Amino acid sequence: DWWRRGIPPLPHQDDINAIGPSDFVSFYPVADWCERNLHCNFEEDLPKPDVTPRWFEAESGTALFSIIRDPIDYYQYTGRDSSVVGRGDGGGQKFIDSINTLQNFIPAKVDRSPSLTIEGGCTTACYPRKVTVDISYHQVDVYSKRIIQVKVLYDKFDKDSSNDEYELQVKFYALNYQELVIKFAFSRGLFLLLFTQIGVGTVVAAFIYWIVIRLTTNLERPPRLRITGFLWLTFPHALGGFLLGLTPIGIVTAAVFYLLKGYLVFTPDTDPEGRRWLFPSSTRLHYSDVNIDPDNLQSTRQGRTGLAFLTMALISFYFTSRMFVPKNPSSGNVTVQQPNARAPVNWKRGNLICSSIAMSLFLVIIVEFSFWGSFGTYIWEAIIFMKILSIFVGSIVDKQLGEALLSAPVMAGMGLVQGIVTMSANDFMDFLLSYIVGFGFLIIERMYVGPLQAELFGWVYDVFASGSEHFQASFPSIFGDNQKKATLGSSEDALVPDENNETVEPLLGSFASYSCDTLSLLYTPFIMVVIMAFSDEAEITKLYGIKEADMEYYVLFALTIIPFQIVADILLHNALELLHGWKMHEYLEYCRVRFQQREVWWKGLEENTLDECIEESLRSMDQQCFSSQYYMLNTIHVNAMIYFVMGVEMMTRANYTVFGDPAMLPITASILLCAMSIKWLLTWAARVFGLWRIKHEKRGWHSRVLDSEGNPNIEQWDDVQVDHDQHVMDQRITDQTFRYKFLNYNRSWILSQLPEMITPRITANQRPYMINQFARILGQVNGDISSDSDSDDGLEFETTPMTASTRSLARTWLVQANRRLRLKKLVQPLIQQSRGNECQICLSRNLLQVETLQSIEDIDEQFKNSYGTDEMDQVLFKRFWQRNQRYQTICLPCIQKRKSKEHDQIITDNRSLDDDSEDNLASDDLTRTSESILASWYTAAKMNVN
């Protein structure tokens, strides 16, 4: 059934079918396919071992010989310019010297993986009885072939040194389209197109998922799809912070490359091995060495590079811990009575550093596990296992650090390592498929696992607790009254009200996870470039079986997929709003405004800005506002963890002894000095060029004036004058008169927002504070009432005794007022839900309010007339309200204009032009009480008009 059996091994040239970049339809080439088996004998003396490994003892990955990639003609083979022998003939060596051996020669690498199954090992005195030379090529066109890969496979091992026979099998065949893609046989343009198609497919899959969620959402008023809004609120901060964090990292890494491997750039011809390059190459390799051993120079350089990476990681840990946990400025002056005022800050910093180091060592284990030969075979199981493992590890890290801001970079480092180890897939196609599978897991994790993780853990805890209670109830003689205490505790917990589903904690946790994924997405190309630059020291590409030239395609894929992944993430943000009802866009707008209006240069140094309504572990994360400062810190910390892993890997591979190297202190001191200098220089440049300039710098105007009194600068007086005016404006805004006017003007809007602000969760968390404030309000009201009744200056109205008719009228008013209040509370949610997206008068989208076109009294009268009853059926009244009520969405400026217009009409109204005579006016005599009330109203009206 094999399609190739019907074609001759050596097809006619007219039947040759080459495979090009666009021939994915034909897929299979028609080209030469040759196989030959030969019986050979070992020429070596098998029982006698040699000093160096013989060709059949070579380890996997060893290049036995190389073959020129493209065929050469007669003149290139002989080195002649014509068919006649001449003096200038250089032979084949002339052509070899004219080409780049790295690109034009294909090495024949050994694969002796079958020897792993031999009991007792198969390193020496172990002979392969079958040797297969596998040569695969690309049929470029009808006339030419290009060799892609040469592999020498050793198989059927034994330890019989008396037998010198073995079988040699030679295979020569063409690769199909998929195999050519895996072997990177085509140009970069094709792969760029392939990566773009994968990215477009990612966006399409996310968009289809959003459509499904949009069609099945439970929201009555689902938000619209917002692409550009989310884009400008998320990606610029992430990209800006990443580039700012990458700047010092790139500079120090370049300095390390110059210090240890600069000979590859500056002296590639005169000193190709770097034996005379700077002091690390001229320093003894160990204290016990008398001279430098050239054979150990490469391994020592590998270990010293690992030391340099480890030093950079520890320095970064120190700096980021001080920025993640800044010292409170108000606690800067530590008195003698408070010697331990800084202890909590130092403990949190040390906890962050130790946790990061512990996580880095755990990541070293994951990287070592990825070097397992069968890891690529079980890549799918490994991805699933690491995804599940990260959930449990994340909960442990959260418990250890106690703050989401501190655990975010630690878990981001784990996610980044999970992406790096996917390069150990068997081939590039498996690597691409692992990305697609990983994106599917990303959707599940971000849409369902993350938001429901707390509920899942709570359910598991409840099941465990109920099982424990049942077990304790079964043995009351052993556990005593614990069951009764547990029952009382559970009953007390049952009295605690459930948290509001619209709290910001799930949204914060989800977006924190997104920020870590975005950081990993941006950081992956950089770390791949670092692995390429230090490939000999890290040995990651070697252990993964990736050629150095092929790493360019991995970097190209990592760069190409970034914009598509960002758009897919934005679609997932919109889907989260539909699925869970989160107001993510509004929260990001709120974060942007808070960051722009911060009072200090670094957001984490602000005092009293932690939102106490949010869960304590998420407050510092919320304070950072997911700004560029947040992403910059995470970039440096995540890079420190990856560098720590690479440093340990380099030192382990080289068997490097740190404390026995005389160059340890000079290398460490050089990197520390470089890092300190770069930090000071970049901080100074940020101050000079106004990076993160405070929008309202007026708060420190007086301190700058005092600082400049000794050496006044006339050019600064204009800025000082402007700041002084702004300071005066602040004083006016905080004045009590302005506050009272603000409350009077916005009273209706503030009252309408109170139900959304005072949620059950806030009531439960802030219960003592709210009770205290409510008591103060009641005290002021009671004081005002008592002062009005006892004061001699206030108005005193006569209280006449009530008759039966007035008492009945008052009771009727009371019943009607109570009914109106109940109806208003009943329909208030319906009114708020009917608010449109824009003002119906001016089409504005800001400060929107909703008004009813019919009053509650009118609807109530219609309801009574329709059903002929005064009983208030809430469900029936809601339905009647929805059928008969109409709404109008209007903004506050339009309301103010309408009120001003009505006020002007009242003032300009000339009652003397009315047709009614004065005889029609009421002329009833007024009581003293009525006269007093009218006088009071008249006085208040005159004051308002004036």
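# From a surface patch to the aromatic rings

Leu-278 has its place in helix α8, where helices (H or I, at least four residues) and strands (E, at least two) are DSSP runs, numbered from the N terminus. The model is predicted, so that local features need pLDDT of at least 70 and side-chain atom pairs count only at pLDDT 80 or more, whereas totals for chains, interfaces and linings use all residues. Residues are numbered from 1 along each chain as its sequence is written, and side-chain values use heavy atoms, with hydrogens and water left out.

Leu-278 counts as partly exposed because its relative accessibility is 32%, given that buried means under 20% relative accessible area, exposed over 50% and partly exposed in between (1.4 Å probe, protein chains only). Together with Tyr-258, Leu-264, Val-265, Phe-266 and Phe-279, Leu-278 makes a nonpolar surface patch of about 550 Å². Helices α7 (263-266) and α8 (278-282) each supply at least two residues of the patch, and α7 gives the most, with three residues.

Arg-129, in strand β4 (residues 127-139), is buried, with a relative accessible area of 12%.

The cysteines come next. A search of the whole structure finds one disulfide, defined as a pair of cysteine sulfur atoms within 2.5 Å. The bond is formed by Cys-122 and Cys-126, with their sulfur atoms 1.7 Å apart, and the link of these two residues is left-handed, with -90° about the S-S bond. Both Cys-122 and Cys-126 are buried. Cys-891, by contrast, is in no disulfide, and the nearest cysteine sulfur, that of Cys-894, is 3.3 Å away; Cys-891 counts as buried because its relative accessibility is 1%.

The whole structure holds 50 aromatic pairs, where rings of Phe, Tyr and Trp (its six-membered ring) pair if their centres lie within 6.5 Å, with planes under 30 degrees apart counted as stacked, over 60 as edge-to-face and the rest as tilted. Phe-27 and Tyr-177 form a tilted pair, at 6.4 Å centre to centre and 45° between the planes. This pair links distant parts of the chain, 150 residues apart, with Phe-27 in the segment before β1 (34-41) and Tyr-177 in helix α4 (residues 177-182); Tyr-177 counts as buried, at 11% relative accessibility. The rings of Phe-195 and Phe-557 have centres 5.2 Å apart and planes at 75°, so this pair is edge-to-face. Because Phe-195 lies in helix α5 (residues 188-216) and Phe-557 in helix α19 (residues 551-580), the pair ties together parts that are 362 residues apart in sequence.

Terms used. Patch = residues over 30% accessible without salt bridge, like charges linked within 9 Å, V, L, I, M, F, W, Y side chains within 5 Å. Areas by Shrake-Rupley, 256 points an atom, 1.4 Å probe, with all protein chains shown as cover. Salt bridge = Lys/Arg side-chain N within 4 Å of Asp/Glu carboxyl O.
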